[in-house]
Amino acid sequence: MSEATLEKHVFQAEIKQLLDLVVHSLYTDREIFLRELISNASDSMEKLRHLSGVEKDIQDGELPLEITITTDAEGKTLTIEDRGIGMTREELVENLGTIAHSGTKSFLQAMKESGGSPGNMIGQFGVGFYSAFMVADEVKVYTRSWRKDGEGLVWTSDGATGYTIEDAPEQTRGVKIVLHLKEDQSEYSEESRVKHLIETYSNFVGFPILLDGERINQVEALWLKSKSDVTEEEYKAFYQFTAKAYDEPAYRLHFSADAPIAINALIFIPSENSERWGMSKMEPAVALYSRKVLIDPSPKGLLPDWLRFVKGVIDSADIPLNISRETMQDSALVRKLGSVISKRVIKMFEKEATADPEKYQDFYKKFERFFKEGVATDYANKDAIAKLLRFESSMTEEGKVSSFTDYVSRSKDGQDKIYYIVGPSREQLESSPYLEAFKARGLEVVYFTDAVDEYVLDSLGEFDGKKLTSISNAGVELEDSATEGDSLSESETEALCAFLKEELGDKVTAVASGKRLVDSPIIALVPQDGMTPQMRRMMKAMDENFKDEVKVELEINPRHPLIKKLAAARESNPEVAGLVARQLLDNSLIAAGLLDDARDTISRMNTLMEKAIG
Ligand code: ADP
């Protein structure tokens with residue numbers, strides 16, 4: 001090899017950081033490197049198989065699609081070779097020298113924050129090709145692209161600062177990775193150790209794996225077997241292989257059906273949600289097969305988007321093999337299939353949640369956004385998904401959750417609404433004046449504290465025929481309840497309401513006395529067609545120039561001492577009465593989270609304090 005062909009490159013900064021972590025911090029689970037490399041090899045051959053359908057001119061077209069692994073205990077090397085698409089010079093630089101993956105930064109961040117449970121981190125992110133440097137002090141990647149004009153090349157690196165690329169004219173299509181093992185990692189050049197790893201992690205790879213000439217894996221369609229013939233270990237290994245995951249599946253659904261469509265499905269629900277770590281949006285991960293032949297590993301539009309966290313395999317003998325990935329969504333058969341599977345998955349959650357509520361609660365905490373997304377976007381299933389939602393309420397202990405079904409079973413005879421309130425936290429909601437009347441009447445109020453909840457509830461509209469009703473909205477009718485304490489007379493109340501409306505003018509749409517309040521003097525209600533505080537907050541977050549005039553309806557408490565005194569002061573001290581009226585409005589807006597500009601509030605408060613002391 002002539003000196004002239006040698007090209008030197010340095011790694012991108014992110015790769016260096018990643019390598020530093022891989023080499024110096026990831027001591028546990030080093031053995032996963034083999035699985036990562038085999039999985040890359042299998043992906044690459046999967047791509048080649050697809051290309052073969054459309055491209056005629058493929059380099060070394062006659063090579064069999066298999067993975068060849070060779071150990072050399074004496075030379076302390078391990079070699080993994082595939083016949084996949086390979087890489088061109090540009091692709092070598094692009095794929096193995098830079099990180100296009102936006103999630104890598106999140107990975108590095110999460111690694112730092114976890115402060116040292118890297119095993120778990122690998123489970124959530126995977127470190128792919130670079131995991132080779134956990135066990136090797138030198139990695140050589142020989143490759144030739146499937147493109148006829150591709151050159152034979154070898155990429156070499158010690159995993160520190162950079163890599164070289166040289167010509168390797170002998171190399172045929174695909175990738176051959178030669179690991180020169182670190183002194184203390186020589187176990188991976190022993191045939192028995194490597195065999196055990198392949199059996200553990202890569203048994204379900206869809207291509208033959210040959211270790212030192214002997215076929216190792218079974219390439220088995222587990223989903224076609226009957227439940228009683230599959231062990232827990234096989235299920236777990238299959239999940240980890242198909243989902244490229246390291247966690248234990250939280251739930252599993254293995255079933256077959258003949259009507260309305262032939263289905264063999266093996267579905268897994270992960271126990272970790274990578275989107276929570278700021279990773280990019282997941283791609284659909286329930287692969288579609290027809291009689292064991294892979295049609296699409298990531299079919300878009302098969303399952304509703306919110307179910308993108310679901311992993312596994314669906315095999316339907318009714319789906320024609322030649323269905324194109326592009327037109328799949330237009331197929332009535334595929335839609336039917338997706339609809340049947342979604343319903344089964346939702347039913348499975350319902351059953352599991354009943355069987356073990358605590359497990360479900362833990363799971364739900366990590367995955368709740370998906371369910372909420374489902375309620376808001378999956379029209380056909382929203383009522384069923386709504387049963388899976390969990391929340392705290394005025395009748396649950398802190399940290400304990402309920403479902404809408406529980407709420408309905410506890411609700412009062414004849415109660416035709418489900419009451420809720422949305423706000424930033426349980427504490428803030430508990431101290432809100434809106435709750436008073438509901439507490440006094442023993443009516444349960446659901447607490448929603450997530451930014452998306454309002455939108456979700458709006459999409460849902462009702463549950464089990466009961467209208468979902470925000471208690472901060474005007475127009476919530478409550479039954480009379482025995483109210484304690486002296487009240488202003490009806491005519492006094494009317495006169496006071498008229499006075500307040502007059503003083504506050506356009507800022508309020510109406511002032512009335514009401515039965516909601518127990519301990520607070522006044523409350524601001526959002527008109528039924530008005531924008532709620534959460535919507536306003538969202539609009540303001542999106543547009544800093546967003547302005548709208550807040551108009552609320554006021555409800556006063558004619559039993560409250562302040563209100564009674566205000567009624568009297570109207571005549572005896574009109575100046576102070578006017579100030580108090582405006583201050584009451586501001587106070588009610590603060591409680592509702594609707595006060596935008598507090599400058600007037602503060603100067604008025606100062607005037608009032610001066611008068612109180614003076
Ligand atoms: P990921 O597989 O998650 O994309 P990796 O770090 O494992 O990340 O690999 C980076 C890229 O290198 C892959 O996306 C692929 O383009 C390329 N690559 C890795 N291994 C192979 C292989 N055996 N054959 C062809 N390309 C490969």
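Because the model is predicted, local features need pLDDT of at least 70 and side-chain atom pairs count only at pLDDT 80 or more, whereas totals for chains, interfaces and linings use all residues. Residues are numbered from 1 along each chain as its sequence is written, and side-chain values use heavy atoms, with hydrogens and water left out.

**The ligand site**

The shell around the ligand, in which a residue has a heavy atom within 4 Å of the molecule, includes Ala-41, Ser-44, Met-87, Tyr-130 and Val-175. By class, this shell has six nonpolar, four polar and one charged residues, where Ala, Val, Leu, Ile, Met, Phe, Trp, Tyr, Cys and Pro count as nonpolar, Asp, Glu, Lys and Arg as charged, and the others, Gly among them, as polar. The table gives polar contacts, that is, pairs of N or O atoms within 3.5 Å.

| Residue and part | Ligand atom | Distance |
|---|---|---|
| Asn-40, side chain | oxygen | 2.8 Å |
| Asp-82, side chain | nitrogen | 2.9 Å |
| Phe-129, backbone | oxygen | 2.8 Å |

Taken alone, the ligand exposes 530 Å², of which the protein buries 70%, with areas from the Shrake-Rupley method and a 1.4 Å probe.

**Lys-182**

A polar side-chain atom of Lys-182 does, however, lie 3.1 Å from the backbone oxygen of Phe-133.

Notes. A polar contact is a pair of N or O atoms within 3.5 Å; within protein, one must be able to donate a hydrogen and the other to accept it, and residues adjacent in sequence count only if both atoms are side-chain atoms.
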